[in-house]
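Keep the sequence and the 3D view open as you read.

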Amino acid sequence: MKILRDKKAIAIFLLPAFIVYSLIVMVPIIVSIYYSLLDWNGIGKKTFIGLNNYIKLIGDNVFKQAFVNNILYIIIVMVLQLGFGFTIAVLLTYLKKGRGFIQTVYYIPSVITVIAISQLFTGFYSYEPMGLFNIFRKLLGLKPIAFLSEYKTVLWAVASVEGWQYIGIYMIIFYSALVSVSPDILEAARIDGASELQILFNIRIPAISNVIMLSCILSLVGALRGFAAPMNMTKGGPNHRSEILATYMYKKAFTSRDYGYGSAIAVVIVILSIIGVLLISKYMDNESE
Amino acid sequence: MYRKIGVIGLIVSMVLIGCGTKSQSTQSSSQAEGKDGGAREIHYFSSRSASDDTIVTLQEITDKYNEQGGNIKLVIDSNADRTSYDQKLRTMIAGGQMPDMFDLDATPYAAELGEKGMLTDMDAFLDEIGEKDSYIPLALNYGRTADGKLYTLPLELSTEMIWYNVDMFKDAGIEAPKTLDELLEDCKALNDKGYTAFGIGGGDGWPLLRLLATYPFRMTGNDFLNDLSTGKAKMSDEPGMKAAEFMSNIGKYFQPGFSTTDVATGLNLFLSGKSAMYPTGTWELNYFTDKNRPEGLNVDYFYMPTIKDAKTSTNDYWAFGGIGLSVNPKVFDEQYKDYLTFIVKNYSPAYFAHEHLAPQKVEMSDNSKFDPLFLKIMEDTNNIGTTAARPWDVVLNEDVIATINDNLPGLCMDEETPDEFVKAVDEALDANK
Amino acid sequence: MKKNVKKTVYWAVMILFLIIQGYPIVWLILAGFRPNIELLTDPFGIPKSLTLENFIKIFTQSNVVTYIKNSAIISVISLIFIVVISSMASFAIAKMKFAGRKKIYRYFLIGLTIPYAVTLIPLFTMFAKVGLINTRISVILPLLAFQLPVSIMLFVNFYSFIPNEIIEAAVIDGASIYGIYAKVIIPLSMNTIMTVLAMNFITVWNDYTFSLVFINSTELKTISIGLADFIGPRGLKDWGATYAAIATSIFPTLVIYFGLNKKMTAGMTLGAVKS
């Protein structure tokens with residue numbers, strides 16, 4: 001079809017998206033790399049200092065902490081989203097009535113602004129006035145905990161918020177994949193006397209393995225984008241115990257006005273993201289084969 | 001083909017620019033003299049909430065100014081979240097978008113801007129209009145940067161004190177502490193009685209900073225702080241160590257979860273009888289008056305406790321003019337100057353009428369309208385010493401303050417030793433010389 | 001007997017999840033109707049009294065109405081551009097033939113992983129240079145750009161299901177390539193468009209980062225930034241008003257969600273499941 005090779009038309013269709021996207025998403029990344037080589041406080045002169053910011057990064061204990069926290073943060077978020085999402089999805093497939101309602105309710109948190117959610121959970125975690133979680137602990141006869149102040153709990157507390165909020169999305173993805181597995185195969189297995197657990201592990205999970213893979217990547221990338229929840233709940237504190245790379249970058253650039261150093265952290269985040277991209281494109285290559 | 005691409009690019013950019021100018025025109029550039037005979041717009045970027053009495057007062061004065069023939073429209077953009085205000089102001093200025101009027105503390109940042117000629121010199125302005133003597137010196141001088149320059153006009157006069165629950169103190173057999181050692185003993189006595197000694201809004205940062213600064217202020221006045229900022233002193237020097245040790249000692253008596261407790265919750269803990277002490281300033285005075293306080297709650301206050309052989313006297317404590325008003329010199333023309341002069345001449349009486357301490361001397365004709373507590377505090381400020389304590393977050397570089405804010409909760413919770421704390425602060429001081 | 005136990009456990013788990021996901025939202029909405037003092041003293045008790053006071057306060061004494069208007073304007077403009085631009089690009093990627101088609105697609109997909117935060121510093125300086133700071137467009141542009149990848153992914157996915165025969169038939173009828181896009185493809189993709197709109201509305205309406213950094217004036221602030229307005233001196237917060245504002249701000253998202261939740265969930269799965 002010649003008409004589908006019309007170069008002019010291709011350009012007209014593609015260029016608006018290409019220009020906006022390149023200008024706003026890609027160019028800033030390149031500019032970030034340039035800024036990361038500067039010593040610049042926003043009002044003064046920009047001084048070129050080569051890789052000094054990166055050398056400083058390596059020796060920066062807070063950066064190391066933020067990096068480790070970020071990995072933990074990602075793991076907690078992924079385990080919550082994928083674990084709960086999958087479990088609920090499997091359970092939902094056994095439900096005959098009221099599934100629509102349950103799905104609707106499970107999904108609601110995903111549509112609410114993270115500012116509201118973090119405000120809400122700050123209240124839930126509170127020690128005084130007693131928050132919901134501590135009311136539960138009290139009922140169970142446990143001592144209340146100041147979740148957002150304790151070194152041991154703060155990262156978990158903050159990461160769980162983002163983990164919890166998007167469970168619904170993964171529930172729906174998993175559910176749609178699970179119901180697309182042919183019921184005949186499941187029925188045949190049941191007649192052969194397989195238990196539901198066996199069916200789950202031997203038939204259903206292998207059948208949707210590519211969806212599981214994609215969900216892992218989506219969840220990973222989503223967790224890498226995390227920022228607003230820790231920023232609003234703890235600002236990375238106490239003593240950087242809930243600091244992740246994005247909050248540290250933001251604070252360095254906009255609070256401490258060290259734009260060069262902030263940009264160097266941004267570049268590290270981009271590198272991590274690119275690893276995410278590689279995973280995605282690998283998945284897509286498998287898909288198209 | 002390339003021409004077509006050019007055409008599309010043009011259309012896209014036209015659409016984009018179209019949107020841009022449309023939205024921009026709603027808040028248009030402020031320098032332009034009002035078009036169509038409209039009023040001159042002055043954009044005021046404020047760190048206070050729109051319902052704050054400073055803003056209400058400024059608005060009242062602007063109305064009065066216009067009644068008397070002026071033609072100014074004060075456009076107020078308020079950003080009540082202080083952290084985000086500071087960040088925004090800095091990024092606006094970095095982007096060459098300094099507001100016409102804005103709130104600024106006398107920080108090293110202000111000094112830096114001042115050196116570059118980006119702030120209006122208020123000494124010169126006040127001398128020119130002959131109003132310098134109308135100000136209460138401690139309010140005005142609070143706005144001086146480390147190099148002694150004045151770039152801001154104060155809008156308030158605040159002092160800070162610690163409120164305490166009289167009945168709890170009685171129950172624990174203690175009285176208002178005079179020294180920091182007594183304060184710690186009192187905390188212990190209250191704790192033994194099962195009370196939460198201190199309810200503090202640590203999530204907002206500044207209440208903890210004030211306590212940290214107490215020891216050095218009593219030992220050296222503001223000298224240690226100033227030396228820290230110029231690099232002559234280190235946090236690991238004696239006053240700094242003392243400060244860190246004090247925080248590590250008193251931290252035990254804060255309510256659990258203090259590091260994310262906001263000020264409103266901290267205040268409420270105290271007002272609902274769940275904590276025995278609460279540090280705050282005159283801006284919350286309203287909550288403690290006989291009229292507004294919960295029934296059955298007996299409270300009193302004390303100012304900053306002292307130490308043995310203190311360099312500063314007991315009537316030297318936290319007192320300041322609050323974040324002040326700065327003016328963008330690029331737009332400071334005759335019309336603006338006339339307007340600002342009018343503000344200076346009329347501000348304090350109007351602000352005082354809202355039951356606040358004012359930064360300028362105010363003739364009080366009839367005090368029967370005022371709450372007795374307000375009058376009592378005012379009496380206190382008349383007897384205040386000459387050395388007002390300067391808040392650390394105004395004097396030290398923002399990165400150092402960020403480091404202190406990050407590390408203080410850990411120190412108070414005993415997760416971090418005083419040695420580790422001073423080391424972290426010294427590293428930040430070194431990095432920001 | 002054993003079956004009954006299993007059934008009970010099953011329902012217990014389902015209802016537990018229901019509470020975990022639903023209770024916070026109910027609490028959040030109710031909080032706006034509770035007096036400030038109750039939120040400070042007994043936030044998780046059974047509400048003793050409900051009041052409209054907070055709402056009256058935010059609608060009469062604050063700029064919440066302006067903020068909602070701003071959020072609405074930004075959302076509508078962004079959504080129009082997102083749909084038009086991404087559906088056009090997707091059409092070229094999915095249906096037209098040119099070298100590097102796949103590379104272009106992948107180039108767009110990189111954006112799926114880029115966190116907003118890393119572009120803030122450069123965007124700020126770029127926008128400042130061309131005078132875009134504190135304009136609506138400084139929020140619209142980044143939202144548009146960052147939402148393109150996911151929208152393109154959805155459209156490309158849908159278009160690949162449209163049989164080429166339909167296009168061929170249109171060509172034989174003498175339609176131009178633009179005619180095919182406007183008169184054949186767009187009418188066919190109404191459902192996908194709704195999905196893209198619904199999903200993007202949530203993101204755009206909830207935007208916090210870009211409005212926080214690029215908007216300064218009260219006149220242009222959006223609702224998610226306006227939530228921080230109810231703070232008095234030195235951080236003294238009015239919780240009743242804050243929660244009322246939160247409830248107001250999530251109301252439109254809930255309406256859209258309950259109205260279009262099938263479309264939205266369809267969008268979520270469209271990208272992921274296509275076996």
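**Starting in chain B**

Tyr44(B) stands opposite Ile76(B), a residue of strand 2 of chain B. This is a predicted model, in which local features need pLDDT of at least 70, side-chain atom pairs count only at pLDDT 80 or more, and totals for chains, interfaces and linings use all residues. Residues are numbered from 1 along each chain as its sequence is written, while chains are lettered from A and ligands numbered from 1 in the order in which they are written.

Back to that pair of residues and the strands around them. Strand 1 (residues 40-46) of chain B and strand 2 of chain B run in the parallel sense and pair over seven bridges. Two strands pair if DSSP finds at least two bridges between them. Helices (H or I, at least four residues) and strands (E, at least two) are DSSP runs, numbered from the N terminus. Strand 2 (residues 72-78) of chain B has five of its seven residues buried, so the rest of the structure largely encloses it. Here, a residue is buried if 20 or more other C-beta atoms lie within 10 Å of its own, exposed if 12 or fewer, and partly exposed in between, with C-beta atoms placed from the backbone.

Now zoom out to the domains of chain B. The assignment gives domain 1 (38-157 + 321-363) and domain 2 (160-319 + 387-431); such bounds come from an automatic or database domain assignment. The C-alpha centres of domain 1 of chain B and domain 2 of chain B are 29 Å apart. Where they touch, nine residues of domain 1 of chain B are in contact with nine residues of domain 2 of chain B. Two residues are in contact if their C-beta atoms, placed from the backbone, lie within 7 Å. On the domain 1 side of that contact in chain B, the tally is seven nonpolar, one polar and one charged residues. For these classes, Ala, Val, Leu, Ile, Met, Phe, Trp, Tyr, Cys and Pro count as nonpolar, Asp, Glu, Lys and Arg as charged, and the others, Gly among them, as polar.

**Across to chain C**

Which chain C elements touch chain B? In this contact, 31 residues of chain C meet 38 residues of chain B. Helix 2 (36-41), helix 6 (120-129), helix 7 (137-159) and helix 11 (209-214) of chain C each give two or more residues to the side that touches chain B. Helix 6 of chain C gives the most, with three residues. Sorted by class, the side of chain C that touches chain B has 16 nonpolar, ten polar and five charged residues.

After helix 6 of chain C comes Gly131(C), with a positive phi near 70 degrees.

As a whole, chain C has 13 helices and zero strands. Its C-alpha atoms fill a box of roughly 70 × 70 × 30 Å, taken along the principal axes. Of the 275 residues in chain C, 53% are buried. Among contacts in chain C between residues at least 6 apart in sequence, 76% join residues at least 24 apart.

The UniProt record (an unreviewed entry) marks "domain: ABC transmembrane type-1" over residues 68-260 of chain C. That span of chain C is 73% helix and 0% strand, with its end C-alpha atoms 21 Å apart. Under "transmembrane region", UniProt (unreviewed entry) lists several stretches of chain C, including 105-127 and 139-159. UniProt positions are given in the numbering used here, feature names are shortened, and annotations may be inferred rather than shown by experiment. Residues 105-127 of chain C are 61% helix, whereas residues 139-159 of chain C are 100% helix.

**Finishing with chain A**

How many residues does chain C bring to its contact with chain A? Chain C brings 71 residues, and chain A brings 73. The chain C side divides into 50 nonpolar, 16 polar and five charged residues.

Chain A itself has 14 helices and two strands. Buried residues make up 53% of its 289 residues. Its domain assignment gives domain 1 (1-28) and domain 2 (36-288), and 33 Å separate the C-alpha centres of these two domains of chain A.
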